[in-house]
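User: I have a model open and want to learn how to read its features. Can you walk me through them?

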Amino acid sequence: EKQIPSQPHWAFCYIMIHKVSRSFSLVIQQLPVELRDAVCIFYLVLRALDTVEDDTSVATEVKVPILMSFHRHVYDREWHFSCGTKDYKVLMDQFHHVSTAFLELGKHYKEAIEDITMRMGAGMAKFIYKEVETIDDYDEYCHYVAGLVGLGLSKLFFISGREDSVSDSLCNSMGLFLQKTNIIRDYLEDINEVPKCRMFWPRQIWNKYVNKLEDLKYEENSVKAVQCLNEMVTNALAHVEDCLTYMSTLRDPAIFRFCAIPQVMAIGTLAKCYNNIEVFKGVVKMRRGLTAKVIDQTRAMADVYGAFFDFSCILKSKACRFLIYQKSLFCPVIMCLFLK
Ligand SMILES: CC(C)(C)CN1C(=O)[C@@H](CC(=O)N[C@@H](CC(=O)O)C(=O)O)O[C@H](c2cccc3ccccc23)c2cc(Cl)ccc21
């Protein structure tokens, strides 16, 4: 039957989304209601899984079984596992509201969310025992925590009947671009994490510049640190073409905005991080005003090409500009930008 907004579990879910991610809760409101509910639950299930993975005070022998069986816990109204801090602790303690709402979703939505949760939990468990050494490890880890989100969202869009299915590789790139941007931006926060620092930058990249990842934050290494940072940004930019291709396949304007806004935020963050020693001194965040502007002005591919084009001007990289030019050939607005 139709959900009455007063039902406590749906109220809890939407309030929780608003608490953990202001911009995401704004963007999710654009979606058609049936899809919005499925994405809301998908996001909260993933946030809960991430909270378990992130909690360094949970012993490995306790954490791994929870990650592996999380996809079944979403069906159990009684289940919860207390961990995390602040709003994430509330999410974990009150998780039964998420399970109750999850059980009200359509069958295909539940199957899609369960499948991605199972695969992500298994991937997270694998990386509890495994460091990110090579660039392949880096891509594999980002696939588990973010690429799979792209696959899952595309499945939900398809189930809603509003979008055709898209190749796994394009969906994966959407997630990798966002996650690699977060990993670059959050260097200092992750390296200073207590009790155990979290390291996602691949050794294959940073060991060309320093002996230990944490050495990047010391003043005397600042030239090498920025060179290493720029290599990490360049690695993330490799996904731009796939992201632009993915977004240009989207038909539903609401789904387009839902996908495009985080991508434009990410390209803006990368632009701020590029060549910027501040990444090793504090967290480099886009100004709140700029975030509001992106949410308001990202409506069509022309806006996305524009944002990526602005970034490529900052990069001054011919390769990136040429790529954007190539992709935007059928977009008059961008064409005149190039001719300017
Ligand atoms: C790791 C991640 C990038 C996938 C996290 N992730 C996102 O980053 C959110 C945005 C968000 O939460 N922003 C936070 C960032 C932050 O915490 O700093 C904010 O507060 O602005 O967006 C993604 C997300 C949105 C739209 C399309 C996507 C396609 C593929 C993969 C992910 C996609 C997301 C969608 C879902 Cl359903 C679940 C998680 C995410």
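**Reading the model**

Analyst: Start with valine 284, which counts as buried because its relative accessibility is 7%. Buried means under 20% relative accessible area, exposed means over 50%, and partly exposed lies in between, with a 1.4 Å probe and protein chains only. This is a predicted model, in which local features need pLDDT of at least 70, side-chain atom pairs count only at pLDDT 80 or more, and totals for chains, interfaces and linings use all residues. Residues are numbered from 1 along each chain as its sequence is written, and side-chain values use heavy atoms, leaving out hydrogens and water.

User: Where does valine 284 lie, and which residues is it in contact with?

Analyst: Contact means heavy atoms within 4.5 Å. Helices are DSSP runs of H or I with at least four residues, numbered from the N terminus. Valine 284 sits in the loop between H14 and H15. Leaving aside neighbours within four places in sequence, valine 284 is in contact with Arg185, Thr269, Lys272, Cys273, Asn276, Glu278 and Val279. Take lysine 272: it is twelve residues from valine 284 in sequence, and their C-alpha atoms are 7.0 Å apart.

User: How do I describe the packing of H14 and H15, and at what angle do they pack?

Analyst: Two packed helices are described by the angle between their axes and the distance between the axes. The axes are lines fitted to C-alpha atoms over the stretch in contact, and angles run from 0 to 180 degrees between N-to-C directions. Helix H14 (residues 253–273) and helix H15 (residues 288–297) pack at about 145°, with axes 9 Å apart. Arg257, Ile261, Val264 and Met265 of H14 make the contact with Thr291, Val294, Ile295 and Asp296 of H15. By class, that contact has five nonpolar, one polar and two charged residues. Nonpolar covers Ala, Val, Leu, Ile, Met, Phe, Trp, Tyr, Cys and Pro; charged covers Asp, Glu, Lys and Arg; the others, Gly among them, are polar.

User: Which residue does aspartate 296 meet in a salt bridge?

Analyst: A salt bridge is a side-chain nitrogen of Lys or Arg within 4 Å of a carboxyl oxygen of Asp or Glu. By this rule the count comes to 14 salt bridges. Aspartate 296 pairs with arginine 299 at 3.7 Å, N to O. Aspartate 296 is partly exposed at 46% relative accessible area, and arginine 299 is partly exposed at 48%.

User: How far apart are the end C-alpha atoms of H9 and of H7?

Analyst: The expected span of a helix is 1.5 Å times one less than its number of residues. For the 18 residues of helix H9 (residues 168–185) that gives 26 Å, and the end C-alpha atoms are 26 Å apart, which agrees. H9 is mostly covered, with 14 of its 18 residues buried. For helix H7 (residues 107–126), 20 residues should span 28 Å; the end C-alpha atoms are 29 Å apart, which agrees.

User: What covers the buried residues of H7?

Analyst: The cover includes helix H3 (33–54), helix H4 (60–73), H6 and helix H8 (135–159). Among the buried residues of H7 are Tyr109, Ile113 and Met120. Leucine 35 of helix H3 is in contact with Tyr109, among others, leaving aside neighbours within four places in sequence. Leucine 35 is buried, with a relative accessible area of 0%.

How values were computed
Helices (H or I, at least four residues) and strands (E, at least two) are DSSP runs, numbered from the N terminus.
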